[in-house]
Every structure is written in C-alpha cells, then in structure tokens.
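Okay, hi everyone, let's get started. Please have a look at the sequence and the fold on the screen while I talk.

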Amino acid sequence: MWTDKFRKVSAEALWLIFLFFLSLGVKAYLLFEFPHVVFLNEADAMGYFAIAKSIINTWGLGDTSIHFPPFYPFVIAIASLLTGEFEIAGRVVSCIMGSLLAFPIYLIGRELYGKRVGLLSAIVAIFLGTFVDLSLQPLTQMTYILLLITGIYLGIILIKSRSLTLHLLLGLTFGAAYLTRPEGLVPFAVVGMTVSIAALNEPSLPIRRRVKSIFLMLLGFSVLALPYINYLHNQTGIWTISGKSSAAVIGTDASARLLPGGKTLGEASHGKVGLGDLFPSPEAFLKTYWGNITRFAAIIPDHFPVKYLILAFSGLLFAIKSIFDAEKSLRKTIVLQIFILLACLAAILPVFAFSGIGMAPSYFLPLFYLIILWFARGVAGVEDLFLNFMKNLTGSGFFERIKKWSLLSFSVVLFFSYSSILPVWNEMHSEDSRVYAASQEFFLKDTGKWLKDNTSKDSAIMSRWSNMGFYADRKWVYIPDGEISEVVNYAKEHNVSHIIIDSNAIPRRRPKLGALLNPSDFEGLRPVYVREKYWIRVIIYKVL
C-alpha cells in the first residue's frame, strides 16, 4: 500500500516539476529575447531597484520604501548577487515567480475538483499570455499573485486540517504578500477570518489548541507586517498601512502641480489625504465603483475569448452543483473552501475604488485565476457529459478510453494556451517591438549614460521619468508642473544639476514647459545636450 501511495505521489511530483521547468523554459527563452532596457511602462521598477540597492549597500530600506513595500526589492537584492545587475535580477525573479505559480494553481484545482482539473488549470496558467508577459517585467505582479494564491491554498487546506505549522505558514505567506503589495491585507482578512471561524468551531480540538492555531497565524503575519508598519510611522509621522495613499488618490501628475509656496501638491498633501478624499460621498463612491467594474468587464474578452468565458461559466455551474451533490456532512467544508477561494475577489476590490484608474490587467490578476480554475472545471465537466452521452448512445468502449486519458479536455486547453501565448510571442518578435525597444534604449539608456559620464556623483537630476535616474546612477527628482521660472527655482532648492526635457512627456504632461523643447538659453538654464531620433527629442539643460 505504501509503495503504491509513494508511486502516486512521485508521479504527481514529476508532473509538477515538469510543468515548472516547461513554464520556466518558455519564459526564460522569451526573457533572453527581451531587450535589456526598462521601458517607460515599467517605471515602478526604479523604486524597487533603489530599495534593493539600499538593502545591499546600507542594510536599510532608504526613503523609497515609503511608497514601495520591501519584499520584492529584497528578493531582487538577493538575485542581484548572482546576476550582477538589478534589472536582470528583477526580470529573473518575476520569471521564476511566474513559473512557480503552476504549483499552487495545480494544488487548488486538485484539492477542489481533482487532479485533472488541477493539471488543466496549471497548463492554462503556464501559457496564459498575460501571465507570460508580466513574468518578463521587473514588477511585483507575479510575486504578489504567487504569494496570494499560495495563501489561499493554505487557507483551503486549513478548513480541514488543524496543523499549527500551516497556520503559521499562512500568516507568513500573507505577511509577505502585504510586503509586496499593500492590498494583500484585504484577502488576508477574509482568509484569516474564515480559517479562524473554522478553527473555533472544531469540537474535536481543545479550546487551547484552537486559540493557539489562530495566534500562530496572526503571529506569522505580524512578524513580517508590523516592523514595516512601524517603519512607515517613523517616516511619515502617522499610522498607515501604505505610504502611497496620497499619490494614489491625487494622481501622479496632479500631485506634481506646484503651489504658490513652492511645494508640489503631493508634498503639501503628504499625510493629509485619506479615505475622505477617495470617497467624498456614498453616491460618488458607488458611481466610481460601478463605472470601473463595467470598464473592466469590457476588457476581459481581450484575455479570455467569449467561447472560453462560456466554458468558465459552465465550470462555475459545475462547481455550484458539486456543493449539492456532496454528502451533507461535507457541504459546510466545501462552502467554506469556496468562500476562501473568493478571497481572490477581495484582493481586487480596493482597485475599483480609484477614479480614473487604468484598466491594466496587472490590477486584476487574482480574478484571472478564478476564470482559469472555472475554465478548467468547465472543460472537464463538458467532456464528461459529452463522452457519457456518446457512450450511452453507442455502447462503445472507445469513448471510455478517451475519457480515461482526458484527450478532449487537454486538446481544448492546449489550443487555448497556444492561442493565448501566440500574440505575446508574435509581438516580441515583430518589427514594431524592435523599433520601440531601440527607441527606449536611445531615450532612456543613452541619455542616462551621458548624465552618468558628465555629472558629479553627488548631483541630482530632474525628469518626468525615474528610469533616467536609474541609468544615470544619480538621485532623481520628479519634475514639477509649473512655469519655467518656478521649475528652475524648485530645481535649485533640491540641488538639481540638470533637467531633462523630452517630447514624450512635455506636450502631454508638462505643457507649461513647452518652450524648453526648442533648445535655447533661458534664465537659470543652458542647453548642454540635444538629441533627436525615432520620434523622440531629448534636451538636457544645466541648472546655472
């Protein structure tokens, strides 16, 4: 008996290892094809790199970690010891995290609906174009979704298991998720509350053991989260779970508007913007929320074609049916497990509250997993219905053999996976992508290199794009929105030696500085660098 069980576990482990290396191989190949320049849409990576650099050089977080939590930068710092470069380290970390995602996705599918659905879910996740694309970017998304889905899997397990170790691990996992993206606190509240209720209502365990399991879960989360919350308090003077609230509510460019006193709106509002600004009235909140939900619903077919969404909906129906088909004694457990699964939705609920937020898929990755899971369940369920019907109709054992090997469901999933990753593959190998990558290298890397070679190491530079500061290896100051004279005064107050003006940002985001696109001497400024290539003009002014 133990030999058979060992063989089954070993076969399952081999499948998981195969899926991991398959996923890693696909992403690694594309990663090596990827141009090594941090694009404008990856600008948040600059904050992560700055924290990683501070961790290595000073064993501290620096002041950038007020806005960006430290877990992902910490992993980058470790990886950079092997890669030698922060950019490559960031991409490698995302690549590995995106590949590891196959494990918890498989385990949740197996736990709820069997091995076949787990395997189908893992295959879809490996080749889903959105996941592949984000696995190549030096951003937090894949690290966060891995931790979130792992935490949800542990929560599902803990509905039936009362392992003290797993309770502690659940808290640590969600603590790391919170230190990756602050919204990780919301699903932890949902999962933690559900697991706690399940533990307290377990009559077979002594009350002391039940309380101890909840304590260990909270301890695991607190060990990671509380030091960072205390750090934010020391830096900002207020108790908060995230330092990015002001910028998020006001808006990045709006927060750069210069006020009469010489400060930007973001600086003047620091620590003063809160839920009252985000939710001025219940009516405004509901209007924003419903508007964002409808906008998001409109982009789902871009990632999951309608025919696959129909299968996902059928999978949801099969999942609901399984509750009523289960033995009465098991229904409570199944309901609680599905409730924990829906913590995925809790992870994205805060996003819909922000007015004017872009409908980027990276905000909604937790929901994508629900679609993947129900899609796999729907494919398996429809296959069973069809093959059972054909077997009863014909009496042939042929359809039983097809059902045994799940040939139809695997064919559908592989076809979907191919159609999902193909656009990413084609885009990366297109001429447009090559030209765009070359333009970014000229715009960001070449400009940064010139600044690095022609400025003192203790100087600061000012630009709309933080990427410039990274490649220049200089302190970066966000260019404010004001008249030329006001911006020059602000630059002097912040010890800025050079201001970078570009045709990408100025016309749309800083129109008051439009005259600077025509290089000439201005009061307090002298042009020292002018380049124009592709569709981008770059002028660097020295602050006099």
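Predicted model: local features only at pLDDT ≥ 70, side-chain atom pairs only at ≥ 80, totals over all residues.

Residues are numbered from 1 along each chain as its sequence is written, and side-chain values use heavy atoms, with hydrogens and water left out.

Helices and strands here are DSSP runs numbered from the N terminus, with at least four residues of H or I for a helix and at least two of E for a strand.

So, the helix pair. Two packed helices are described by the angle between their axes and the distance between the axes. For helix H8, residues 141-158, and helix H10, residues 185-200, the axes come within 9 Å and cross at roughly 10°. Those axes are lines fitted to C-alpha atoms over the stretch in contact, with angles from 0 to 180 degrees between N-to-C directions. H8 and H10 are therefore roughly parallel to each other; that label covers angles under 35 degrees, while over 145 is roughly antiparallel, 65 to 115 roughly perpendicular and the rest oblique.

Which residues of H8 and H10 meet? From H8 we have Tyr144, Leu148, Gly151, Ile152, Gly155 and Leu158, and from H10 Pro187, Val191 and Val195. Contact, by the way, means heavy atoms within 4.5 Å. That set splits into seven nonpolar, two polar and no charged residues. For those classes, Ala, Val, Leu, Ile, Met, Phe, Trp, Tyr, Cys and Pro count as nonpolar, Asp, Glu, Lys and Arg as charged, and the others, Gly among them, as polar.

On a 1 Å grid over the protein atoms alone, a cavity is a set of points where a 1.4 Å probe fits but cannot get out, a pocket is an open set with protein on both sides within 12 Å along at least five of seven lines, and lining residues have an atom within 4 Å of a point. Grid points are joined across faces, edges and corners, and a volume is the space filled by probe spheres set on the points.

How many cavities of 30 Å³ or more does the whole structure have? The search finds one. The largest cavity has a volume of about 80 Å³. It has 12 lining residues, and the closest to its centre are Tyr144, Arg181, Glu183, Ser362 and Tyr363. H8 turns up again here, giving the most to the lining, with three residues.

The second largest pocket holds about 300 Å³ of space. Its lining takes its largest share, four residues, from H1, and by class it has six nonpolar, one polar and five charged residues.

Last, single residues. Buried means under 20% relative accessible area, exposed over 50%, and partly exposed in between, with a 1.4 Å probe and protein chains only. Ser463, in strand E1 (residues 460-463), is buried at 0%. Lys287 sits in helix H15, residues 282-303, and is exposed because its relative accessibility is 68%.

Trp59, in the loop between helix H2 (44-58) and helix H3 (71-83), is also exposed, at 80%. Its phi is near 60°, a positive value in a residue other than glycine.
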